[in-house]
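Here's a protein to look over together.

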Amino acid sequence: MDFVAGCVGGAAGVLVGHPFDTVKVRLQVQSVDRPLYRGTFHCFQSIIRQESAFGLYKGIGSPMMGLTFINAIVFGVQGNTMRMLGHDTPMNQFLAGAAAGAIQCVICCPMELAKTRMQMQGTGEKKKSARKLYKNSLDCLVRIYNREGLRGVNRGMVTTLIRETPGFGVYFLAYDVMTRSLGCEPDDRYMILKLLFAGGMAGIASWLSTYPVDVIKSRLQADGVGGVNQYSSIADCVRQSVRREGYMVFTRGLTSTLLRAFPVNAATFATVTLILMYARGVEQGPNDCESAQPSHHAQIQQQVQPSSL
């Protein structure tokens, strides 16, 4: 039931947060010489006006397809790592989260590559434009594989690994610290709100800790869409980006990312919590909050789908 709840909760998070993610990617990779968007809200308005509201959901098939596999990897690795470490401490939560983040990159990287390519398709074009390179996310990956092989499908793997490993660690650490600070009272009418707040803030902390890497990852994965590769390596992408746009380039799209982080995690937490409450019943809650607190934290940590960050 934990797995099912995590999948449904993650799907809810994707539905809520994908429009913000589309805006983030568009802002991160747009040309500095010919920018299409002046900022987050202008990007929202432009996409809706030119591509309809469905334009905000371009590439959503990829994260939806990868959701089940990512959940299986994250839940299995995080739970087994915590059991192996033996103690539910903030540092162990960081290590378990980092391990889960690193291993799930095998699915996350190709998934985000397809998502990014689909999100960039038809940028600035009118609603009924017939020029489409990819039919859907799966077709995108197949075409990339036929043209570039496994290396092409895994474009951006190193930057994904650099982002996900500490990012997941910070997420689990921040969530654990927040839930401990807010307290655990089974009879507290605000317990769900506290969990939502803790998850949202943990998501924000996670993104802030690794956002510059995400900018480079998006640029590398979007590179070559028009048939010409602009960057030869991670270092070359960093050099060119800083030289042309300054160090503020590493904050491109940050506003939409932070706006997305809180509601995505709130939606995920709410969905997971409601499903588990319905499935298990309130009577299974611990009688002594203080003595049950560590296992409660470990349980919630495993129930929430952190890739929805």
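This is a predicted model: local features need pLDDT of at least 70, side-chain atom pairs count only at pLDDT 80 or more; totals for chains, interfaces and linings use all residues.

Q: How many helices and strands does the protein have?
A: There are 11 helices and zero strands. Helices are DSSP runs of H or I with at least four residues, strands are E runs of at least two, and numbering starts from the N terminus.

Q: Why are H5 and H8 called roughly perpendicular?
A: Helix H5 (residues 105-120) and helix H8 (residues 191-222) pack at about 70°, with axes 9 Å apart. Axes are lines fitted to C-alpha atoms, for helices over the stretch in contact, and angles run from 0 to 180 degrees between N-to-C directions. Under 35 degrees is roughly parallel, over 145 roughly antiparallel, 65 to 115 roughly perpendicular, and the rest oblique. So H5 and H8 come out as roughly perpendicular.

Q: Which residues of H5 and H8 meet?
A: From H5 it's Cys109, Glu112, Leu113, Thr116, Arg117 and Met120, and from H8 it's Lys217, Ser218, Gln221 and Ala222. Contact here means heavy atoms within 4.5 Å.

Q: Why are H5 and H6 called oblique?
A: The axes of H5 and helix H6 (residues 137-153) come within 10 Å and cross at roughly 120°. That makes H5 and H6 oblique to each other.

Q: What makes up the contact of H5 with H6?
A: On the H5 side are Pro110, Leu113, Ala114, Arg117 and Met118, and their partners in H6 include Ser137, Cys140 and Leu141. The residues of this contact divide into eight nonpolar, two polar and two charged.

Q: How do you know that the span of H5 agrees with its number of residues?
A: The expected span is 1.5 Å times one less than the number of residues. For the 16 residues of H5 that should be 22 Å, and the end C-alpha atoms are 22 Å apart, so the two agree.

Q: Why is Gln119 called buried?
A: Buried means under 20% relative accessible area, exposed means over 50%, and partly exposed is in between (1.4 Å probe, protein chains only). Gln119 has a relative accessible area of 0%, so Gln119 is buried. Gln119 is found in H5, where 14 of the 16 residues are buried. Leaving out residues up to four places away in sequence, Gln119 touches His18, Asp21, Thr22, Val25, Arg26 and Lys58.

Q: Is Gly59 buried or exposed, and what makes the case?
A: Gly59 has a relative accessible area of 6%, so Gly59 counts as buried. Gly59 lies in the loop between helix H2 (40-51) and helix H3 (61-85). Setting aside neighbours within four places in sequence, Gly59 is in contact with His18, Lys115, Met118 and Ser137.

Notes. Residues are numbered from 1 along each chain as its sequence is written. Side-chain values use heavy atoms; hydrogens and water are left out. Ala, Val, Leu, Ile, Met, Phe, Trp, Tyr, Cys and Pro count as nonpolar, Asp, Glu, Lys and Arg as charged, and the others, Gly among them, as polar.
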